[in-house]
Structures are given as structure tokens and as C-alpha cells.
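The sequence and the structure come first.

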Amino acid sequence: MAESDNYPLGRDIFHSGRLDAQNLLWRLHTGYILHPRIPVTDDMRIAELGTGTKIWLFEATKYLQPSTQLYGFDISDEQFPLKEQCLPNLRFDIMDSFVDPPAALVGRNFRDRDSGTILRHVMQLLKPGGFVQWEEVDITHQVVLGEKAKQFEAGMNKVFGQVSLDYSWVPNLPKRVKQIGFRLIEFQRQQFQNNLMNICTNTHLLALHEILQGLRQSCPSGGILEHEIALHHLLSAERKSITYNWSPTVLLGQTPPKNKSSSASHAKEKTISHRMPEGTLVSLTGE
Ligand SMILES: C[S@@+](CC[C@H](N)C(=O)[O-])C[C@H]1O[C@@H](n2cnc3c(N)ncnc32)[C@H](O)[C@@H]1O
């Protein structure tokens, strides 16, 4: 757990590897980088909020025009790659999505810490007609198979309750998006196909391991050890016979066009808030 910003997951080399594997899982699941309903233009500007290792942006540079301007923002630069390893159209910086964006970015390019705070932040970054693509982990709708896995899930639910990690904002995202003033284009909660369930179980259990480790370190007397032991048992003795999946959730929204002539297809700037808040809503978690 990062001490400075309350992030419940880790940011070391192991955690970065797990995050990159999880990105592959998302890609295999959705099959796209940019949602197919976002019109691709030569002069696009795209920001990823909560960019982590930048893996999504690296992949985006492969499929989008070199003229596309890509920005990665994160509250921490711990997982940023070296600048020299990035193409010139990819820039990154530190920015807290719960705080109003700096005036220089606004409209140019692009428990009250709720998803609405981030959505308002996104709204300020976007020009009229810009898109928000939000890919999120929903752990309030899990697919858990196996008796021991179900027991572990019940234990984890208690732990999250004790430390006030509440995920109910995820299924509420579509409502929130509309309240903030976006047009809701799509909201889908799905389950992984059979061939992806294993990679989700692996990355999810590793993320829970990160979270439990962080919680134990920050509160040694909090009764976390017993859940770590149960997880260790799942990872060793039970691993082949269990499934432990979250539900991949995708939201696509759009800011209202300025006037009639500024329709969706004329929107020049788009922001992607990409799988950020699972772990970014400071009092929440996820992976
Ligand atoms: C689960 S990672 C996702 C990384 C990346 N989007 C991906 O899918 O590979 C969540 C990221 O959000 C960042 N984050 C957490 N709180 C944040 C905040 N308030 N503002 C901006 N970024 C934040 C974390 O530092 C972390 O890198």
C-alpha cells in the first residue's frame, strides 16, 4: 500500500507485472483499445487517467495515427517508464483525479470522494462532444466457484467492510454519469469467457494478496493474517479447482455538444478514464 496517497494496491515490480497481465486480460476480453463507437480522427487527443505503467497508452500508440496526442496522468509516477522509452506523441505527468485539473489543461486539451468527483474532473478536461471510456472492475458482482473460494470471498467482504472499502459506486456509474451531465452511450457488465477465467482468477487473487499485505502492514493487529493464510491455501492447494472472477464493466459517455454543428463525429478531443478508480478512489479498492 502506498503510504502517501492511500492507494490500496502496490506499485513495485511484482505489482507492475500483475497490472500488465491484467491489461492483457482486458484487451483479450474487449478486443479493442478505443471503444468502436468513438470516431477515430487524425488530430485526436487522448488522456488516460490513472495510467499506472502506461501499458494501455503504449498499445494505443501502435494502433492510432502518430499525429494522435496521448497523455498519461497518475497520482504517482512510481510505475512510469523512462521518458526516453516513449514515443514523442506520448507525454505523462502527475495529476490527482480528485482535484480540479490545472487551468492550463481545462478545455484546452483535454466519504465525498465519489465517482462524481472524477467525472467532474473528466468533464473539465473534455471539450464538448468528447468521450469518456471507463473500464472498471466490478467486485460487487463476482463469479466465485469452489467452497474454499466462497469462504474466502465472505471473509474478504468482511475485511472490506471493516476498512470501509466500498465498491457500490461501480454499478452506480451509469446513474452518476448522467447526473454529472454526460450522455450515457453504453454501460455493460459482463463475465469473462471460459478461456479468460483463469487469467482473471490469477490476477485478481494476486491483487487481493497486495491489498491484504498492505492492510496488515498498516494495521498489524487488524486480524488480516488469517485471510492471508486462507489466500495462501487457495493459491496452493485449491488453485486448480477454483474460479475467482470480477465482472468487467465498460461505460462509454459523451459530453454534450456545444451546439448543433458540433456533433459527436466532429469532436476533436477525447478523454479516456481508463480503469483508474479500481484502487484510486482513496477509500475504495479493487485492482
Ligand atoms: C489499477 S491501476 C490502473 C492502471 C492502468 N490504467 C491500467 O489499466 O493498466 C490504478 C492507477 O490509478 C492511480 N491512481 C490512484 N488514485 C489516483 C488519483 N486520485 N488520481 C490519479 N490517479 C490515481 C494509481 O496510482 C494506479 O496507477
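## Packing of H6 and H7

Helix H6 (residues 194-218) and helix H7 (residues 225-238) have axes that come within 10 Å and cross at roughly 155°. Axes here are lines fitted to C-alpha atoms, for helices over the stretch in contact, and angles run from 0 to 180 degrees between N-to-C directions. H6 and H7 are therefore roughly antiparallel to each other; angles under 35 degrees count as roughly parallel, over 145 as roughly antiparallel, 65 to 115 as roughly perpendicular and the rest as oblique. The crossing of H6 and H7 is left-handed, a term for a near helix turned anticlockwise from the far one by less than a right angle, with right-handed used if it is turned clockwise.

On the H6 side the contact involves Leu-205, Leu-208, His-209, Leu-212 and Arg-216, which meet Leu-225, His-227, Glu-228, Leu-231, Leu-234 and Leu-235 in H7. Two residues are in contact if their C-beta atoms, placed from the backbone, lie within 7 Å. By class, the contact of H6 with H7 has seven nonpolar, two polar and two charged residues. Ala, Val, Leu, Ile, Met, Phe, Trp, Tyr, Cys and Pro count as nonpolar, Asp, Glu, Lys and Arg as charged, and the others, Gly among them, as polar.

## Model and overall layout

This is a predicted model, in which local features need pLDDT of at least 70, side-chain atom pairs count only at pLDDT 80 or more, and totals for chains, interfaces and linings use all residues. Residues are numbered from 1 along each chain as its sequence is written.

The chain has seven helices and seven strands, in the order α-β-α-β-β-α-β-α-α-β-α-α-β-β from the N terminus. Helices (H or I, at least four residues) and strands (E, at least two) are DSSP runs, numbered from the N terminus. Of the 287 residues, 40% count as buried. A residue is buried if 20 or more other C-beta atoms lie within 10 Å of its own, exposed if 12 or fewer, and partly exposed in between, with C-beta atoms placed from the backbone.

## Nonpolar cores

A nonpolar core is a set of buried Ala, Val, Leu, Ile, Met, Phe, Trp, Tyr and Cys residues joined through C-beta atoms within 7 Å. The largest has 38 residues, of which Ala-47, Ala-60, Leu-70, Phe-73 and Val-122 touch the most other members. Elements that each supply at least two residues of this core include strand E1 (45-49), helix H2 (55-63), helix H3 (115-125) and helix H5 (173-180). Another core, of 16 residues, lies apart from it and has Leu-206, Leu-208, Leu-215 and Tyr-244 among its members.

## Packing of H3 and H5

H3 and H5 pack at an angle of about 45°, with axes 10 Å apart, and are therefore oblique to each other. H3 passes H5 in a right-handed crossing. Ser-115, Gly-116, Leu-119, Arg-120 and Met-123 of H3 make the contact with Leu-173, Arg-176, Val-177, Gln-179 and Ile-180 of H5. By class, this contact has five nonpolar, three polar and two charged residues.

## Loop residues

Lys-54, in the loop between E1 and H2, has a positive phi of about 75° although it is not a glycine. Lys-54 is buried, with 23 other C-beta atoms within 10 Å. Ser-164, in the loop between helix H4 (147-162) and H5, is likewise not a glycine and has a positive phi of about 60°. Ser-164 is exposed, with 10 other C-beta atoms within 10 Å.
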